[in-house]
Amino acid sequence: MTFGETIRKHRESKKLLLRQAAAFLEVDTAFVSKLERGERNASREQVLKLAEFLQTPSEPLLTLWLADKISDTINNDKEGEEALKLALKNYKKK
(Lines give C-alpha, C1' and ligand atoms only; values in the text may rest on other atoms or scores of the structure.)
Protein backbone atom coordinates (compact mmCIF):
# COMPACT_ATOMS: atom_id res chain seq x y z
CA MET A 1 0.00 0.00 0.00
CA THR A 2 1.34 3.43 -0.92
CA PHE A 3 1.54 6.52 1.25
CA GLY A 4 -1.42 8.11 -0.53
CA GLU A 5 -3.58 5.00 -0.28
CA THR A 6 -2.80 4.77 3.42
CA ILE A 7 -3.70 8.42 4.01
CA ARG A 8 -7.02 7.97 2.20
CA LYS A 9 -7.79 4.78 4.15
CA HIS A 10 -7.13 6.48 7.50
CA ARG A 11 -9.05 9.61 6.54
CA GLU A 12 -12.09 7.71 5.28
CA SER A 13 -12.12 5.33 8.25
CA LYS A 14 -12.36 8.36 10.53
CA LYS A 15 -15.05 9.90 8.28
CA LEU A 16 -12.93 12.98 7.69
CA LEU A 17 -13.35 15.08 4.57
CA LEU A 18 -10.67 16.11 2.11
CA ARG A 19 -11.39 19.75 2.92
CA GLN A 20 -10.77 19.09 6.62
CA ALA A 21 -7.38 17.57 5.86
CA ALA A 22 -6.58 20.42 3.50
CA ALA A 23 -7.51 23.03 6.11
CA PHE A 24 -5.33 21.31 8.71
CA LEU A 25 -2.38 21.23 6.29
CA GLU A 26 -3.11 24.77 5.08
CA VAL A 27 -3.26 23.62 1.44
CA ASP A 28 -6.08 23.34 -1.06
CA THR A 29 -8.33 20.31 -1.37
CA ALA A 30 -6.91 19.44 -4.79
CA PHE A 31 -3.45 19.02 -3.25
CA VAL A 32 -4.69 16.47 -0.70
CA SER A 33 -6.64 14.64 -3.39
CA LYS A 34 -3.50 14.43 -5.53
CA LEU A 35 -1.48 13.23 -2.52
CA GLU A 36 -3.94 10.40 -2.00
CA ARG A 37 -3.77 9.45 -5.69
CA GLY A 38 0.03 9.56 -5.71
CA GLU A 39 0.16 12.48 -8.13
CA ARG A 40 1.85 14.89 -5.71
CA ASN A 41 4.46 14.45 -3.01
CA ALA A 42 4.17 15.66 0.55
CA SER A 43 7.00 17.27 2.45
CA ARG A 44 8.27 15.63 5.62
CA GLU A 45 6.54 18.34 7.65
CA GLN A 46 3.25 17.62 5.88
CA VAL A 47 3.59 13.92 6.65
CA LEU A 48 4.04 14.74 10.33
CA LYS A 49 1.02 17.08 10.25
CA LEU A 50 -1.07 14.40 8.53
CA ALA A 51 -0.15 11.91 11.25
CA GLU A 52 -1.28 14.45 13.84
CA PHE A 53 -4.50 15.16 11.94
CA LEU A 54 -5.27 11.47 11.50
CA GLN A 55 -4.25 10.70 15.09
CA THR A 56 -1.95 7.91 13.96
CA PRO A 57 1.74 7.24 14.68
CA SER A 58 4.06 9.17 12.37
CA GLU A 59 6.72 6.45 11.97
CA PRO A 60 4.71 4.14 9.66
CA LEU A 61 3.62 7.11 7.55
CA LEU A 62 7.18 8.38 7.27
CA THR A 63 8.34 4.91 6.23
CA LEU A 64 5.71 4.71 3.48
CA TRP A 65 6.51 8.27 2.37
CA LEU A 66 10.23 7.48 2.10
CA ALA A 67 9.52 4.20 0.29
CA ASP A 68 7.41 6.09 -2.26
CA LYS A 69 10.19 8.65 -2.73
CA ILE A 70 12.71 5.89 -3.36
CA SER A 71 10.38 4.10 -5.77
CA ASP A 72 9.67 7.32 -7.66
CA THR A 73 13.40 7.89 -8.04
CA ILE A 74 14.37 4.43 -9.32
CA ASN A 75 11.24 3.26 -11.16
CA ASN A 76 11.45 3.11 -14.93
CA ASP A 77 15.23 3.16 -14.76
CA LYS A 78 16.93 0.02 -15.98
CA GLU A 79 19.66 0.47 -13.36
CA GLY A 80 17.16 1.15 -10.58
CA GLU A 81 17.17 -2.28 -8.96
CA GLU A 82 20.96 -2.51 -8.94
CA ALA A 83 21.19 1.01 -7.55
CA LEU A 84 18.80 0.08 -4.75
CA LYS A 85 20.85 -3.02 -3.89
CA LEU A 86 24.03 -0.94 -3.77
CA ALA A 87 22.35 1.72 -1.65
CA LEU A 88 21.17 -0.94 0.82
CA LYS A 89 24.64 -2.45 0.97
CA ASN A 90 26.19 0.96 1.65
CA TYR A 91 23.46 1.90 4.13
CA LYS A 92 24.13 -1.20 6.24
CA LYS A 93 27.82 -0.27 6.49
CA LYS A 94 27.12 3.07 8.17
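Helices here are DSSP runs of H or I with at least four residues, numbered from the N terminus. With that in hand, let's walk through this predicted model, in which local features need pLDDT of at least 70, side-chain atom pairs count only at pLDDT 80 or more, and totals for chains, interfaces and linings use all residues. Residues are numbered from 1 along each chain as its sequence is written, and side-chain values use heavy atoms, leaving out hydrogens and water.

Start with Q46, a residue of helix 4 (residues 44-54). Q46 is buried, at 16% relative accessible area, where buried means under 20% (1.4 Å probe, protein chains only). Not counting residues up to four places away in sequence, Q46 touches L25, V27, F31 and N41; contact means heavy atoms within 4.5 Å.

Next, look at R11 in helix 1 (residues 3-13). R11 is buried too, with a relative accessible area of 8%. The R11 side chain reaches the backbone oxygen of L16 at 2.8 Å and makes a polar contact with the side chain of E36 at 2.7 Å. A polar contact is a pair of N or O atoms within 3.5 Å; within protein, one must be able to donate a hydrogen and the other to accept it, and residues adjacent in sequence count only if both atoms are side-chain atoms.

E36 also takes part in the meeting of two helices: L18, R19, A21, A22 and L25 in helix 2 meet T29, V32, S33 and E36 in helix 3.

How values were computed: Buried < 20%, exposed > 50% of the residue type's maximum accessible area, 1.4 Å probe, protein only.
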